[in-house]
Amino acid sequence: MVQPAHGSPTAIVQAAVTALETGRWADLLALVPQEAVQRLRDTYLPRLIESETLSAPTAEEHMAAQPWLPREVAAYYAEPEQRHIAAGLPAMRAEWGVSSSFRELEALSPAEFFVRYLSASSPAAKLRAAMAVSPKPPADPAGVLRQEIAPKIIVLGEVREGSRHAHVLYRQLNEPNEVYDPESPGGHVRTTQVDYAEGRWWLRLDHTLVDPQGWLMVWGPDDSDSGQAEE
């Protein structure tokens, strides 16, 4: 891995991509300023704890909000929502490494929480949780997890803005196994930001490579939602 203290903006983002691809969360931690790590813990942990109080609407509550709904239809809406809550919360706790409550994470330092956050928010973690709530789980979950599930990222270069900010471009391919062809590239070009402080470049947590919003709900693999965090 490129030593972050001496890395250019492009090298910092490449190091972050490599850490995400290989699951080397401590390497990624070294690229993020401490105040950003502290801020993520301070804002996300309370929301994670609050998620344990979520409850799915009952059929009666659906009917109260939409009086024209037949009970059978209201029950049809309520059942999968209740299933997601019932199965999803234990699945999330398992990915976070807690036994009974997210309050157990209060004992972690900001750095420890960030590493746990990255692991629990990885594509594999979200897929395991999604399979846990699916009414039709795959016959071979381990086989599904062995497949490439995260789209490949190709770091392209940087544009500096002043002396303390840089925008690094990267191409996110459409499919995990897609081969990058610079002459006929697929996917989408995106940017992420890095900032210069204390003699080095730092990765910004800005909803691009690392999303500080995280996830507070489990979606099944066949749901219309993409599986990203929703409140």
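Axes in this tour are lines fitted to C-alpha atoms, for helices over the stretch in contact, and angles run from 0 to 180 degrees between N-to-C directions. The model is predicted, so local features require pLDDT of at least 70 and side-chain atom pairs count only at pLDDT 80 or more, while totals for chains, interfaces and linings use all residues. Residues are numbered from 1 along each chain as its sequence is written, and side-chain values use heavy atoms, with hydrogens and water left out.

**The whole chain**

Eight helices and four strands are present, in the sequence order α-α-α-α-α-α-α-α-β-β-β-β. Helices (H or I, at least four residues) and strands (E, at least two) are DSSP runs, numbered from the N terminus. Of the 231 residues, 39% count as buried; buried means under 20% relative accessible area, exposed over 50%, and partly exposed in between (1.4 Å probe, protein chains only).

Among contacts (heavy atoms within 4.5 Å) between residues at least 6 apart in sequence, 58% join residues at least 24 apart.

**Helices α5 and α7**

Select residues 71-96 (α5) and 123-133 (α7). Two packed helices are described by the angle between their axes and the distance between the axes. Here the axes come within 8 Å and cross at roughly 150 degrees. From α5, the contact is made by Arg 83, His 84, Ala 87, Gly 88, Ala 91 and Glu 95; from α7, by Ala 125, Arg 128, Ala 129, Ala 132 and Val 133.

Keep α7 selected and show its buried residues: Ala 125, Lys 126, Leu 127, Ala 129, Ala 130, Met 131 and Val 133. Which helices are included in what covers them? Among them are α5, α6 (110-120) and α8 (141-146).

**The loop between α3 and α4**

Move to Ala 56, in the loop between α3 (34-50) and α4 (59-65). Ala 56 is buried, with a relative accessible area of 16%. Leaving out residues up to four places away in sequence, Ala 56 touches Glu 61, Glu 81, Gln 82 and Ile 85. A C-alpha to C-alpha distance drawn from Ala 56 to Gln 82 gives 5.0 Å, across 26 residues of sequence.

**Arg 24 and Ala 26**

Select Arg 24, in the loop between α1 (9-22) and α2, together with Ala 26, which is found in α2 (residues 25-29). Arg 24 is partly exposed at 46% relative accessible area, and Ala 26 is exposed at 52%. For Ala 26 and Leu 118, the corresponding values are 9.5 Å and 92 residues.

**Aromatic residues**

Display the rings of Phe, Tyr and Trp. Rings pair if their centres lie within 6.5 Å, using the six-membered ring of Trp; planes under 30 degrees apart count as stacked, over 60 as edge-to-face and the rest as tilted. The whole structure holds seven aromatic pairs. One of them joins Tyr 196 and Trp 201 edge-to-face, 5.1 Å centre to centre with 65 degrees between the planes.

Centre on Arg 200, which lies over the face of Trp 202 at 3.3 Å from the ring centre. A charge sits over a ring if NZ of Lys or CZ of Arg is within 6 Å of the ring centre and within 35 degrees of the ring normal.

Glu 198 is found in the loop between β3 (188-197) and β4 (200-203). Glu 198 is exposed at 75% relative accessibility, and its phi is positive, near 55 degrees, in a residue other than glycine. His 207, in the segment after β4, has a positive phi of about 70 degrees although it is not a glycine.

End at Leu 209, also in the segment after β4 and buried at 13% relative accessible area. Apart from neighbours within four places in sequence, Leu 209 is in contact with Val 13, Ala 16, Val 17, Leu 20, Ile 153, Tyr 170, Thr 192 and Leu 203. The C-alpha atoms of Leu 209 and Thr 191 are separated by 8.9 Å.
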